[in-house]
Amino acid sequence: MGLVDAYLIPVVDGLAYGLLLFTVAAGLTVAFSVGGVLNLAHGSLYALGVYTAATLSDGTWTGLGLAVGVGTLAGAAGGGVLAAGVAPLAGRGHLAQALFTFGAALVVADGLTSLFGPDELPVTIPAGLGASAMIAGHRYPAYRLAVIAAAVVLAGACWLVAARTRVGARVRAAVDDPQMLACLGVNPRMVQAGVLAAAGGLAGLAGVLGAPIIGPGPGTADAVLLLSLLVVVLGGLGRVLGALVAAFVVGLIQTLGVTLAAGWAPFLLFAAMAAVLVARPARTAGGTA
Amino acid sequence: MSGADATIRPAGSGGMGRGGEVTAAAAVAMDPTGEAGIRAPRHGSRLPVTVGGLVATALASARGVIGYAVLGLLAAGAGAVADAYTTVTLARILALGLLAVSVAVVTGWAGLPSLGQVAPFAVGAYTAALLARAGHPIGLVHVGAALVAAGLFAAATGLAVVRTRGTAFLMVTLAVGELTAAVAARWTSLTGGSDGLAGIPATRPVWGVPALTDDRHVYWYVLAVTALVVAVTVAVLRSAAGLLLTGVRDHEARMRACGHPVAVYLLAAYTGAGAIAGVGGALLVSAQRYISPADVGFEVAALVLLAVIVGGTTSIGGAFVGAGLIVGTRDWLAGPWPGHAPLLLGTVLIATVYLLPGGLAGLIDRLRQRAARLGVRS
């Protein structure tokens with residue numbers, strides 16, 4: 001029982017971290033499988049949300065609600081701008097599109113440090129969420145439990161949209177057979193742009209919610225991009241369920257791994273990625289599956 | 001586009017189209033021993049490279065050799081007239097230029113878009129820095145150790161990385177690069193953490209030579225090593241090995257069907273490129289006598305990738321020109337407008353993606369084609 005006790009808190013932490021990462025990485029992987037756009041500015045959209053939370057969330061519920069709205073809109077707008085930017089490059093292949101988003105990531109990073117300074121900022125949350133809850137006799141920050149709940153609700157909502165609505169059907173069709181979708185009178189480019197914007201909105205929202213976990217600082221965008229890329233690679237390109245499992249693995253490595261062997265998290269992530277790449281049968285076609 | 005042309009400068013990944021692709025692949029595919037124009041052993045190593053073959057191909061492309069010689073002499077002369085600050089910048093440009101060459105080999109020649117060549121660069125740099133701080137001031141030892149360490153690192157990571165292609169390769173290499181930078185920042189006992197390793201003693205190029213304290217001498221040392229590495233790289237790329245790589249890049253399925261061990265070629269290219277980047281890292285340490293995770297991070301990866309795109313992804317000389325242009329502009333703007341290097345890099349990257357599909361080399365090619373067309377018409 002003592003052993004379970006010692007690791008319970010890091011495991012719940014890992015769960016919160018993993019679900020947060022999943023919210024970000026799911027958008028990345030879906031946007032990639034729809035239009036083949038590897039969005040290297042995805043971490044920057046999360047950063048937009050984080051800085052929105054740092055600015056607008058003043059400890060009241062109204063402030064948090066405002067931050068949620070503005071952060072989501074900012075992320076979606078960012079995704080829309082990226083979609084408009086990569087659209088003319090569609091004929092030039094995936095590399096040109098990825099490079100465009102890479103450039104955009106650098107520009108956004110510069111803008112954010114110019115606006116908010118190079119230091120890490122504190123984030124205020126409503127007092128009700130700042131309290132501690134009790135899990136199996138341990139005090140645990142209620143906010144993280146709220147993040148877990150919110151992420152589960154978000155993931156469920158996204159699944160519902162993807163599986164049960166016309167819009168979701170169009171997105172799935174754009175993945176499977178864009179030509180046939182075009183024959184049916186739906187422009188796959190518009191679907192792709194919509195997915196990029198929606199993924200951006202999700203990333204922005206994740207940024208607002210995750211601000212107390214992966215907070216605003218000059219390295220936020222890079223760190224989130226790296227972790228979500230790892231989630232996408234570990235889960236398999238374009239596989240949402242795989243991304244969910246991978247997000248938990250990465251979250252647990254980041255929290256439990258740090259508790260067990262401090263400073264070893266990068267090595268463990270390295271090892272996990274290498275193991276998955278070697279174990280998985282090589283895909284030579286570029287792996288859009 | 002003729003087959004011979006493809007050997008010397010393979011089709012740029014940008015706008016050349018299928019014509020060049022088929023030529024390079026077909027040349028190898030029809031003749032797996034690589035004897036289409038280039039001498040190679042019939043039953044030798046898997047990569048048919050001989051010293052004689054290298055020399056023959058190097059001599060055959062005398063124009064290119066003269067071009068590189070002129071570039072090298074210009075660089076050496078620049079060291080003689082420039083002030084101390086410029087010389088240090090030039091030395092750093094050469095070190096980053098080698099990193100750009102490493103990116104060009106993997107991205108342009110092997111066709112695997114890499115954002116992670118900063119990882120072996122970091123391994124080489126920290127190897128050299130640790131050796132220097134441990135009391136081994138000989139530059140030859142630094143370069144050799146950095147080459148071996150970075151090559152081993154690239155071979156080890158390559159086993160996993162080379163199994164992916166295209167955008168997945170881009171993702172995985174970016175992760176490798178970022179994770180390496182994270183390790184450099186975290187492993188404080190070895191790397192000094194984010195403070196980096198300072199107080200690195202001056203390099204002595206070989207035994208029995210005094211330490212290089214004058215910036216100009218450091219620059220010439222860096223230039224000499226760079227020239228040597230570039231000469232070897234260009235010779236290898238112009239041999240059958242380069243042809244095999246472009247064959248894999250342009251038509252992997254056909255190369256595979258012809259019995260070529262594609263994975264071995266790509267791993268060899270990735271390892272070789274890693275070793276080149278490692279030497280660049282060692283030279284950076286000799287030039288600035290300081291190394292920190294910021295020297296091997298996201299921004300540097302963006303910078304060299306941009307340099308390679310501006311220079312044209314398959315051009316080795318272009319990689320240096322690109323590195324010079326980008327670093328020069330960045331440092332020049334840092335004076336009046338400090339702290340905005342990422343903005344500049346990002347804007348130039350976006351502009352380059354839109355306006356220069358094949359880099360400056362592609363632009364020159366297009367202008368030349370247009371001039372030729374006008375000439376035919378008139």
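Two residues are in contact if their C-beta atoms, placed from the backbone, lie within 7 Å. The model is predicted; local features need pLDDT of at least 70, side-chain atom pairs count only at pLDDT 80 or more, and totals for chains, interfaces and linings use all residues. Residues are numbered from 1 along each chain as its sequence is written, and chains are lettered from A and ligands numbered from 1 in the order in which they are written.

**View 1. The side of chain B that touches chain A.** Contacts join 33 residues of chain B to 36 residues of chain A. At least two residues of this side of chain B come from each of H7 (139-161), H8 (166-186), H14 (298-311) and H16 (341-355) of chain B; helices are DSSP runs of H or I, at least four residues, numbered from the N terminus. H8(B) gives the largest share, 13 residues. By class, the side of chain B that touches chain A has 22 nonpolar residues (Ala, Val, Leu, Ile, Met, Phe, Trp, Tyr, Cys, Pro), six polar (the others, Gly among them) and five charged (Asp, Glu, Lys, Arg).

**View 2. Packing of H6(A) with H7(A).** Helix H6 (residues 142-164) and helix H7 (residues 166-176) of chain A pack with axes 5 Å apart, at an angle of about 75°. Axes are lines fitted to C-alpha atoms over the stretch in contact, and angles run from 0 to 180 degrees between N-to-C directions. H6(A) and H7(A) are therefore roughly perpendicular (65 to 115 degrees). Val161(A), Ala162(A), Ala163(A) and Arg164(A) of H6(A) meet Val167(A), Gly168(A), Val171(A) and Arg172(A) of H7(A).

**View 3. Arg289(B) in the loop between H13 (262-288) and H14 of chain B.** Phi of Arg289(B) is near 50°, a positive value in a residue other than glycine. Arg289(B) counts as partly exposed because it has 18 C-beta neighbours inside 10 Å, between the limits for exposed (12 or fewer) and buried (20 or more), with C-beta atoms placed from the backbone.

Definitions and conventions: Parallel < 35°, antiparallel > 145°, perpendicular 65-115°, else oblique.
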